[in-house]
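Please examine the sequence and the structure shown below. The paragraphs that follow begin with a single residue and then turn to the sheet and the nonpolar cores.

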Amino acid sequence: MGKLTKNRKLALGKLEEGKSYSLKEASALVKEISTTKFDASVDIDVRLGVDPRKANQMVRGVVSLPHGTGKQTRVLALCTPDKEAEAKEAGADYVGLDEYIDKIKGGWTDIDIIITMPSIMGKIGALGRVLGPRGLMPNPKSGTVTNDIGQAVKEVKQGKIDFKVDKAGIVHTSVGKVSFTPDQIYDNAKEFVSTLIKLKPAAAKGTYMKSVYLSSTMSLGIKVDPKSVEG
């Protein structure tokens, strides 16, 4: 086993082995054990009692974090010319159609999210090979395929995120930055977990929320008592 670094020793000293913390406690602790020189992301990992291979147990949704993500989200609006001004006014970083479709075909993916219109999805379908593996494919369920382009761009810029359970039954997302206050981290994490609870599939049996961990980039994971987030 490698030698423990000074920062890791300090972090371990603040966490009790085997202890589950309340979400409130974890939201404060995650700041204390983060030692990166940059403003690290705060992540939450929730293991659900679902079988994602079954369509009736798939958990997918969107949530608007009360305090945003703390990240600069680069938004591409693929829309018709009559919607371009609306998209730009709402804060989209890139706005257009055919020229960006060609850029993506050429391998360009320097964006975090794509918002488009139902009438354009036929053109975008051909980009599945590039966008699919990167999680960039627009989807009506996540609100990224809509005729209300301006509103969709605004919501994403203000902290709306979409999430999906992975093959292992885990949902992972960022709920802020280490520079956030403990209350802001708590509010965002609580909103995310509350949304997950609302999305519990009727077909899911037994314990739904099996484990919850809060961590920051490169930090240790803090075990959160699921009961503290379910109430």
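Asn 139 is located in the loop that lies between α6 (128–131) and α7; helices (H or I, at least four residues) and strands (E, at least two) are DSSP runs, numbered from the N terminus. The model is a predicted one, in which local features need pLDDT of at least 70 and side-chain atom pairs count only at pLDDT 80 or more, while totals for chains, interfaces and linings use all residues. Residues are numbered from 1 along each chain as its sequence is written, and side-chain values use heavy atoms, with hydrogens and water left out.

Asn 139 counts as buried because its relative accessibility is 19%; buried means under 20% relative accessible area, exposed over 50%, and partly exposed in between (1.4 Å probe, protein chains only). Not counting residues up to four places away in sequence, Asn 139 touches Arg 60, Thr 144 and Val 145, where contact means heavy atoms within 4.5 Å. A polar atom of the Asn 139 side chain lies 2.7 Å from the backbone nitrogen of Lys 141.

An open sheet is formed by three strands in the order β4-β3-β5, with parallel pairing; two strands pair if DSSP finds at least two bridges between them. Since β4 (94–96) and β5 (113–116) stand at the edges with a single partner strand each, one side of each is left without a neighbour in the sheet. From one strand to the next, the twist averages 15°. Strand β3 (residues 75–78) pairs with β4 in the parallel sense over three bridges, and Leu 76 stands opposite Tyr 94 in β4.

Two helices pack on this sheet. Helix α4 (residues 98–105) touches β3, β4 and β5, and its direction makes about 115° with that of β4. Helix α7 (residues 149–157) touches β3 and β5, and its direction makes about 160° with that of β5. Axes are lines fitted to C-alpha atoms, for helices over the stretch in contact, and angles run from 0 to 180 degrees between N-to-C directions.

The largest nonpolar core has 38 residues, and Ile 44, Leu 48, Phe 192, Leu 196, Met 209 and Leu 214 have the most contacts inside it. Such a core is a set of buried Ala, Val, Leu, Ile, Met, Phe, Trp, Tyr and Cys residues joined through side-chain atoms within 4.5 Å. Elements giving two or more residues to this core include β1 (41–48) and β8 (209–216); the largest share, six residues, comes from α8. Another core, of 29 residues, lies apart from it and includes Cys 79, Ile 101, Met 117 and Val 156.

Note on methods
Polar contact = N/O pair within 3.5 Å; in protein donor to acceptor, adjacent residues only side chain to side chain.
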